[in-house]
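User: I have a model open and want to go through a few local details. Can you take questions as I go?

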Amino acid sequence: MSTGKRIIKNSAALFFSHIITKIINLAILLIITRLLGKGGFGVYSFSQTFVIMFMALASLGVNALLTRDVARDKQRINTFLGNSIPLITVFTGISIILINLTASLSGWKGIELSAIRIFSVYLIFDVYSRHFISVFRAFEKMQFEAYVNIIEKSAMLIAAIIAQKLSLNLLAIIWMFTCIQAGKAVVAFIFMRRFFQKIEWQFFSAETKEIIKQALPFALLVVFGVISGRIDVVMLKIFHSDEMVGLYSAAHKLIESILFIPENIVSALFPAFAVMFVKNISDYRKIFTRAFLVLTILAVPLSIGIFILAPEIIDLFFAAEYAKAVNALRWLGLALFFIFIKYIFAASLNAIGAQKKFAVIMGFSM
């Protein structure tokens, strides 16, 4: 199969799966926002965001490195996993300790602290899921990622409906989602198993050190990106109230639901970019230019449309108590254009080995 056809196939698999999962995700959002109210949803969003900000330390940027390097040399999968799985296990454990220690020292109490602790357990399974999914991307078999995501979101929707019927509280909902994430990790591992013969376990060998060295710029990118994209929720929690966090997060979740478009395109392009840059630079430049134009054409009307129709969008999806989320949605809608474009530059720079330069750019932006 040619590179172009392979990219189209992978993009299509992710695109249709993400349409399904985003529709399901929107249904989950509508249920949760109504069930918890803007205050409860604010606590949910804050605690989730607080934990996500530690994700880079847990994965250490290894996922992007795995996708790039194994895409170039499929034979590396056995030794790479043998080094990377013990590595992320250790750093995930360190992350869990830091999350709970920081939360306690920050003065969070009661339901916020409990929610953060549960989400820290959620993080463990999320890290493994993402690591296994990066193998699908390295082998350019995105249909397996599609299967895993659809299974996860379908289970979460069922859990949300059950929570609504039983009027479950915030902590019970988070525990249900955590159990589903554990199941996702198991399913992802089962699918991943077909791509390697036997993991060659190497605990902190010379190759492990090299993986850390090569992955560090990717880890910095995740750190800078997460802080830039998530610190707003934490700031609102500190300076304002749970209700304010809930209003802002409602608008933010709608914008996140649209990001599957650049995510799909970039996920399909990333391994192809890594190979083409080494083997055929002209094809790399051609496909990059086309992808840039496609994302621009998609982003402009979306940004303008969200800015103009923000009141109608909020009224359509949320209860009356979320009406003040309109202003947040308008500004986030304008930011959407730049976020779309950032995806293609990020994928390109990381794929060609310029992750250090991109890390500097992201650090300055943060």
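User: What joins the side chains of E112 and K237?
Analyst: A polar contact of 2.8 Å joins them; the term covers a pair of N or O atoms within 3.5 Å, where within protein one must be able to donate a hydrogen and the other to accept it, and residues adjacent in sequence count only if both atoms are side-chain atoms. This is a predicted model, where local features need pLDDT of at least 70, side-chain atom pairs count only at pLDDT 80 or more, and totals for chains, interfaces and linings use all residues. Residues are numbered from 1 along each chain as its sequence is written, and side-chain values use heavy atoms, with hydrogens and water left out.

User: Is E112 buried or exposed?
Analyst: E112 counts as buried because its relative accessibility is 14%; buried means under 20% relative accessible area, with a 1.4 Å probe and protein chains only.

User: Which residues is E112 in contact with, leaving aside neighbours within four places in sequence?
Analyst: V43, F46, S47, K237 and D242, where contact means heavy atoms within 4.5 Å.

User: Switching to α9, residues 242-258. How many of its residues are buried?
Analyst: 13 of the 17 are buried, so α9 is mostly covered.

User: How far apart are its end C-alpha atoms?
Analyst: They are 25 Å apart, which agrees with the 24 Å that 17 residues should span at 1.5 Å a residue, the expected span being 1.5 Å times one less than the number of residues.

Note on methods. Helices (H or I, at least four residues) and strands (E, at least two) are DSSP runs, numbered from the N terminus. Buried means under 20% relative accessible area, exposed over 50%, partly exposed in between (1.4 Å probe, protein chains only).
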